[in-house]
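I opened a new notebook page for this structure. My plan was to look up a few things and write down what I found.

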Amino acid sequence: MLKTLSIENFTVFQNAKLQFSPGLNVIVGENGTGKSHLLKLGYTILKTLESFGDKAPAREVAEREFAKNLVDIFRPEALGRLASRVQGCSASSVSAEWGGKGKLGFSFSTRKTEKVDIWPSPKYEELSSSMLFIPPKEILSVFEGLQATLKKRELAFDGTYLDLADALSSATLRGKRPSDIANLINSLEYTIDASVVKKDNRFYLRSKRTGSKVEAPLVAEGHCKIGMLVYLILNGELRNKSSLFWDEPEANLNPRLLVKLAQILVELSKVMQVTIATHSLFLLRELEILQEQKKLSKARYFGLHMTDNGVEVLSGKSSNDIGDIAALEANLDQSDRYMNLAYEEALNA
């Protein structure tokens, strides 16, 4: 579980510090403010730490592994491209805290290519569970052959897609599931009215009502996204104390499913750390409603704002603490304009 993340001169961020909730974390901002970058950075750090297992790595091994994963996940031309070029400084620094006492920091300059420089006296702590990154595009419908293709060929996909394909390749677990996990699976399957089946390396959704099986490419993308979650829980890739990073979970979901999605995110956050990046005012409002109803207790919100000195991050326990987000304000403005127009038409009728 990621506790804090501090960054200086990293991509669009000149100076930012984030303190995460162990439950649900919601990152909101306009296009270009670095929402996906924050998710990818948090994921990259945890992924790299996971590769070390329960043993502290040799310093140079750790420095090269962090650099390799940053390039793999962000896909810059070179590591140094991730460092912001600001006046008087051409280096980036990142520090993170995780688990109980885990802590480390590293830096790299614009000239770095193969390794970062880890700060003295890091405190390594083995991660308690897995982590997973879900990009905006679902891959259930294109899973067949995707994993092998990504491994064999240089395609324009960042490493999160291969990681997700690897996670989906595992078979489902056997045996009785804990009640909280079983309830979560039932809730997800109820949402899409189907169970998820994988046969001959291809995914299908089986209708709860008719029992008929439909191949994933013929299923609505929104249902495939929920189906991915179902299977990742069934095969144990998502479990208690996992860390889930989900970029634009609302993409291609209709309002009815967004209501369900908010409930799903809340239920997930009760057993694992969930961090999402979203543009959706509708989803944000649904989460606020659940928070007001005391169904969401562990939450933190982050608002990203473009300034002359890079992106500023405001955070708090409520969306009221993160400032005015222009993208969200545009939604509210449209609603006001529509209501005013309807009111004028009613007066003239």
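I started with a single residue. Lys294 counts as exposed because its relative accessibility is 73%. The cut-offs I used are under 20% relative accessible area for buried, over 50% for exposed and partly exposed in between, with a 1.4 Å probe and protein chains only. Lys294 is not a glycine, yet its phi is positive, at about 65°. I found Lys294 in the loop between H8 and E13.

Before going on, I noted that this is a predicted model, where local features need pLDDT of at least 70, side-chain atom pairs count only at pLDDT 80 or more, and totals for chains, interfaces and linings use all residues. Residues are numbered from 1 along each chain as its sequence is written, and side-chain values use heavy atoms, with hydrogens and water left out.

I looked up Lys241 next. Its phi is near 70°, a positive value in a residue other than glycine. Lys241 sits in the loop between helix H6 (221-234) and strand E11 (243-247). With 57% relative accessibility, Lys241 counts as exposed.

**The whole protein**

I then stepped back to the whole chain. The protein has nine helices and 14 strands. These are DSSP runs numbered from the N terminus: helices are H or I with at least four residues, strands are E with at least two. Of its 349 residues, 49% count as buried. The protein exposes about 17300 Å², and carbon and sulfur atoms supply 47% of that. The areas come from the Shrake-Rupley method with a 1.4 Å probe. I also checked contacts, meaning heavy atoms within 4.5 Å. Among those between residues at least 6 apart in sequence, 67% join residues at least 24 apart.

**The sheet**

What is the order of the six strands in the open sheet? I read E7-E11-E12-E3-E13-E14, with mixed pairing. Strand E7 (131-134) and strand E14 (310-316) are the edges, each pairing on one side only. Two strands pair if DSSP finds at least two bridges between them. Neighbouring strands here are turned by 15° against each other on average, direction ignored.

I followed two of the pairings. Strand E3 (residues 24-29) runs parallel to strand E12 (residues 273-278) over five bridges. Asn25 has Thr275 in E12 as its bridge partner. Helix H8 (residues 281-292) packs on the sheet and touches E3, E12 and strand E13 (299-307). The direction of H8 makes about 145° with that of E13.

E13 and E14 run antiparallel and are joined by seven bridges. Phe302 has Ser315 in E14 as its bridge partner. A hairpin of two residues leads from E13 to E14.

**Helices**

Which way do H5 and H7 run relative to each other? The axes of helix H5 (residues 179-192) and helix H7 (residues 255-269) come within 11 Å and cross at roughly 170°. Axes are lines fitted to C-alpha atoms, for helices over the stretch in contact, and angles run from 0 to 180 degrees between N-to-C directions. H5 and H7 are therefore roughly antiparallel, a term for angles over 145 degrees. Leu184, Leu188, Tyr190 and Thr191 in H5 meet Leu257, Lys260, Ile264, Glu267 and Leu268 in H7.

Last, I checked helix H4 (residues 159-169). Eight of its 11 residues are buried, so H4 is largely enclosed by the rest of the structure. Among the buried residues of H4 are Tyr161, Asp163 and Leu164.

Technical notes: Angles under 35 degrees count as roughly parallel, over 145 as roughly antiparallel, 65 to 115 as roughly perpendicular and the rest as oblique.
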